[in-house]
Amino acid sequence: MNLNHISYPNSHLVPLLFQNSNDPTEDNHGSMKSLFLPTDLAELNREDKKEVKISLIAPLNLSPNSMEPSKQEVVFELPMTLRVHKDGNVERLVPTDFIPPSTDPTTGVSSKDIVVVPESSITARLFLPKITDPNKKLAVLVYFHGGAFVVNTPFITPFHKHVTTLVSEASVVAVSVDYRKAPEHPIPAAYEDSMAALKWVASHSNGDGPEPWLNNHADFQRVFLGGSSSGAHISHNLAMTAGNPELGLDIGLLGIALVHPYFWGSVPIGSEAVYPDGKAVINRGFLDLLWPFTCPSDHPSDLMLVQHSAIFVYFSFSFLCFLLSELMLYCSQIILTNNTLSCGAFILSLLMDQSKEIARDVFPFVRVYKDGTIERLAGAEVSDAGLDPETGVLSKDTVIVPESGVSARLYRPNSAKGNRKLPLVIYYHGGGFFISSAADPKYHNSLNRLVAEANIVLVSVDYRIAPENPLPAAYEDSWAALQWVAAHAKEDGGSEAWLKDYVDFGRVFLAGDSCGANVAHHFALKLKDCELGQQINIQAIAMIFPYFWGKDPIGVEVTDQARKSMVDNWWLLVCPSEKGCDDPLINPFTDGSPSLESLACKKLLVIVAENDILRDRGRLYYEKLVKSEWKGTAEFMEIPGEDHVFHIHNPDCENAKTMFKGLASFINQT
């Protein structure tokens, strides 16, 4: 399509001519194109028909920081994204740290760069998982990166690592497409390039395409589209047109995965109506400005038959109601989650045996079939114990109860000396009582950081999980682990050298996140009047994003019905109680729940996250506690802008570091 011949009816936009900086007469696609900027920003006179040359400050393979920015006046700016200068230069502010293709040493995923359409210079990065059976065909993921149609490529570190993880998790061949970006190439250039890439992928369906990885390993009846932000937007639009028989796409499109999809509108919905523009860089004002900049005209679109059978949506839950209502118009299945590996789990789940009847589906974590088979889609990864070179923390695994398989992973600073005893934290991991373990890499990495920050010994308990072992199995195993630890408080008790040599049993803490915080709560109540409570003195409890719930919604649960239903489903999977979500095990304020004044500790810390669906339950717990007859001191911490257990998914982010410092202070000042 020649953009010179497109009609632009918007009278508030000013036409500008631009060209690639490498060619004084032509852009990458051999023709001069038009770009429109809002007149109040560009400060240009429409009547003068002024033409401004716009050249790339940062070509694809160069960092924007490596070139001198224009000294001219800025006439258009997207904060922290790009600037258009009066002399026509486009200055991109987002780093483009090119990472070369390689074989990932951790996952075994290989990657390479290819030219998809030489005539238009469309490129892509291909990913291939570690091949164990060369005769087995793999599903195909065609992935489109995010960046608001103006920045980013598949070749930068975040997208390279993200797709590598998806390929490893789902065992698929992936094609990560690099499409042209605005303002040099306004929409529909990104759509055109992405469709061309999809056609190129489809050209391999008979096994005679130009790319051997696709010819040899791809199953073209199991194709997925996926993307984040603007890439999710592209996936949506391709899926809407993929059913056009004139395209000749001889592929089976099983589903699309939309990661934080970039959809917008002129009329605010949900939180958009009340969210203050000054609260973040990416706000309504930014997005209102962004779309006309990237798409300076209303392009007609033909709504074709959607051939995919399922759609997975990974997004900020503030868009929940809108997405549900809109996507139900053309999708037979919608999946909602905020798990970081859920895209891989979604793809994997659709590749599993569809002939067996499902009894219970808790996507994207676990699926239970009526024949008793249990398929785990996420949370089953394990890491080895040992010395962590980054934190200097040493860990090892030990079996606590051989008969039931209860075990634990122990942590201590490698620099610890036996003549200086350290506080002990008994930690219960999260996972809703049905996923994860003490060896989960996410918990291993985050606990290494906590141990290093707080200078403590930590016992991370590995308990049995549902649905194979419904509650109270997790409580029983965790209690057995507590008994095992307490035995070491006696001079002649216990045999674990790390506990005997390094622990100050006058400073013992219980801690846990999510359902692990739930366990800590129940044990603090149980220890008050039992013999074990006399053997071990629990100084304080740290409850991180505590997993409490109830039948009747409170706070944000009232309007967030999808996540309310999701958490309801989690609890009903693990606890076959007739009381449902008002069982005292999950609802500490229902009839039959013990009073909080019986907590057997002197201090208690509750940590919640602003975007967590469990936030209001944690806040309610804290408020009820401070109003009770409990004699201890309660502290409360809310992490802004974060969701449930964010600290295990991104332990090196600033909010996680702040939280670890807060936990360390809480422990060391008790």
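Author: Helices (H or I, at least four residues) and strands (E, at least two) are DSSP runs, numbered from the N terminus. The model is a predicted one, in which local features need pLDDT of at least 70 and side-chain atom pairs count only at pLDDT 80 or more, while totals for chains, interfaces and linings use all residues. Residues are numbered from 1 along each chain as its sequence is written, and side-chain values use heavy atoms, with hydrogens and water left out.

Side chains of opposite charge can pair when their charged atoms come close. The term salt bridge is used here for a side-chain nitrogen of Lys or Arg within 4 Å of a carboxyl oxygen of Asp or Glu. Across the whole structure, the search finds 31 salt bridges.

Lys564 and Asp568 form a salt bridge whose closest N and O atoms are 2.9 Å apart. Both residues belong to helix α14 (residues 561-574), where they sit four residues apart, about one turn of the helix. Salt bridges with shared partners also join Arg615, Asp616, Arg619 and Glu638 into one network. As for accessibility, buried means under 20% relative accessible area, exposed over 50%, and partly exposed in between (1.4 Å probe, protein chains only). Lys564 is buried, at a relative accessible area of 7%.

Asp397 and Arg409 form a salt bridge, with 2.7 Å between the closest N and O atoms. Asp397 lies in strand β19 (residues 393-401) and Arg409 in strand β20 (residues 406-413), so this pair ties together parts that are twelve residues apart in sequence. Asp397 is partly exposed, with 48% relative accessibility, whereas Arg409 is buried at 2%.

A further salt bridge joins the side chains of Asp361 and Arg367, at 3.1 Å from N to O. Here Asp361 is partly exposed, with a relative accessible area of 30%, and Arg367 is buried, with 6%.

The cysteines come next. A disulfide is a pair of cysteine sulfur atoms within 2.5 Å, and by this rule the count is zero. Cys575, for instance, is in no disulfide: the nearest cysteine sulfur belongs to Cys581 and is 9.2 Å away. Cys575 is buried, with a relative accessible area of 5%. Cys601 is buried too, with a relative accessible area of 9%.
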